[in-house]
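Biologist: I would like a close look at one part of this model, and then at what surrounds it. Please give the cut-offs behind the words you use.

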Amino acid sequence: MYLGKDLQVTNNKLTTYFPIRTKDERKEFNWDSILGMVISDLYQIELLDKNFNAFIELCEVEFKQRLDSPEFWSDLKIMYFDNKDALNIAPEFFLYKSEQTDENKHNQRIGKMFSNMLGNICLDSLKPNSLNFLEKIIYDTLINKALNTKLDIKYQGPKEEAFLPFMANSFRQDLKFLSTKQRYFLENFKPFLKLYGFLYTSQLAHNLSRWNQGEPIPVPNYLILDIEKASQERREIHDYGYKQLQQHMLYLFPYLSMSEMLQNKADTMRPLWALAASLEGVVEATNLLNEFAHRFIEERGLNKTIQNQATANDALAQVLKLSRDQFNTGNKDKDDINTNYAKATLKLLCSDFIQHRGAAGATLVINQDYLLLLTNLVIGDNEKLRLNELIKAFEFRGVFFDKQSQAEVVQFYERIGNVERMSDSGDAVYVRKTV
């Protein structure tokens, strides 16, 4: 079993499976910095010198050796370096946007979240094929003189088994395809990470509420297009959209910190659902959890009376309930901890996908840029997909549309001209990618 032998009631501390800490509520993410961290893991590379001015000096030497008129360097410096336009030449240049300071720890944790989804996958960087001769010199200088390559980069801390295997698989598949489209990759890498930040967060929250039902599956998470009107009469949108997400956000901090506490600083952290599965039929686990529950009530000063449970599953359910009850005591300062954590999570990782729609209230939405990106990712190496297959692939990634939104999606595709309609049935409607 994955339960720690010497269970201790410690302070609530969340260091695995999710990047936000209780002190991050007022911090904004620097997505440019996050891009560099993911690129470092994706290509297993790092900079020899993180100072961009050092790279400029390398390029100056390289160009002055090649130029008939060395004074032309000042013009090149204005063109590519003064405003850091060189950083848009290739993904490897994102490394210069990544900060490694203590003030940047929250961004580093976001990078780690994506790296955990990436797993042990390492991709070969592809030399851009659309560079002019000046950009080729700048790119070659970076690759040959400014990088350590093929490193085995490891994050400190315990290893984390994937909490959402289905999401990790999609992330790797989509990132692999995206990386083969060089210009599209540069333009869409940040939206790609923001999209998956939302998908991971929402599906993690939803699956925490079903921790005792085995390996996670895509849970209905309904969005509408940003051009649609929201309505409370659309039950799927109302019941399984923002309202559901807001409720399930309250599981993140209590359940994940409790799961970490129960595994007692293990070298490898297992997701809560795997921890639960490992305890089935283990009498020792039932006893440990029952004893832990009584100590937890005493240590937290909770005014509750509980009964010893007969099975490990019930004992774990009771402990998890206590993890939430500790934030429902009537003490405003303490109770606000979890509420503020949930609000911060919605703001920092989901705000691009939330709009307030009058009487309909807050609604989960996806704009046309994200929809087109998701469409291209799903179609991937294929030239086109049937609409029905496309919708199923959206749902596998955690994006659900009701029938009305599906019709709006088709109309959007028709407006941009990437749909082939053989008949009105979904089986005969094909959608082409745009890259």
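Which residues of α6 are buried?

Modeller: The model is predicted, so local features need pLDDT of at least 70 and side-chain atom pairs count only at pLDDT 80 or more, while totals for chains, interfaces and linings use all residues. Residues are numbered from 1 along each chain as its sequence is written, and side-chain values use heavy atoms, with hydrogens and water left out.

The buried residues of α6 are P165, F166, M167, A168, S170, F171, D174, L175, F177 and L178. Buried means under 20% relative accessible area, exposed means over 50%, and partly exposed lies in between, with a 1.4 Å probe and protein chains only. That makes 10 of the 14 residues, so α6 is mostly covered. Helices (H or I, at least four residues) and strands (E, at least two) are DSSP runs, numbered from the N terminus.

Helix α6 covers residues 165–178, and its end C-alpha atoms are 20 Å apart, which agrees with the 20 Å that 14 residues should span at 1.5 Å a residue. The expected span is 1.5 Å times one less than the number of residues.

The cover over the buried residues of α6 includes α1 (31–43), α4 (105–118), α7 (182–208), α11 (272–278), α15 and α16. Contact here means heavy atoms within 4.5 Å. Several of these neighbours can be followed further.

Take α15 (residues 368–379). Its 12 residues reach 16 Å from the first C-alpha to the last, close to the 16 Å expected at 1.5 Å a residue. Because 9 of the 12 residues are buried, α15 is largely enclosed by the rest of the structure. Those residues are Y370, L371, L373, L374, T375, N376, L377, V378 and I379. At the start of α15, a side-chain oxygen of N367 comes within 3.0 Å of the backbone nitrogen of D369. Just after α15, G380 has a positive phi of about 55°.

Strand β7 (residues 362–366) is mostly covered, with 4 of its 5 residues buried. Strand β4 (residues 224–225) pairs with β7 in the parallel sense over 2 bridges, and I224 stands opposite V365. Two strands count as paired if DSSP finds at least two bridges between them. Strand β6 (residues 354–356) pairs with β7 in the antiparallel sense over 3 bridges, with I354 opposite L364. β6 and β7 form a hairpin with 5 residues between them, and G358 in the turn has a positive phi of about 55°.

Axes are lines fitted to C-alpha atoms, for helices over the stretch in contact, and angles run from 0 to 180 degrees between N-to-C directions. β8 and β10 belong to an open sheet of 3 strands in the order β8-β10-β9, with antiparallel pairing. The edge strands are β8 (384–386) and β9 (419–421), each pairing on one side only. Neighbouring strands of this sheet are turned by 20° against each other on average, direction ignored. β9 is joined to β10 (residues 429–432) by 3 bridges, and the bridge partner of R421 in β10 is V429.

At 1% relative accessibility, L279 counts as buried. L279 touches M1, L3, A285, L289, A312 and L316, not counting residues up to four places away in sequence. Its C-alpha atom is separated by 20 Å from that of P165, 114 residues apart along the chain.

T16 sits in the segment before α1 and counts as buried at 3% relative accessibility. The T16 side chain makes a polar contact with the side chain of E260 at 2.8 Å. A polar contact is a pair of N or O atoms within 3.5 Å; within protein, one must be able to donate a hydrogen and the other to accept it, and residues adjacent in sequence count only if both atoms are side-chain atoms. Y17 lies in that segment before α1, has a positive phi of about 70° although it is not a glycine, and is buried at 7%. Q44, in the loop between α1 and β1 (45–47), has a phi near 55°, a positive value in a residue other than glycine. Q44 is buried at 13%.
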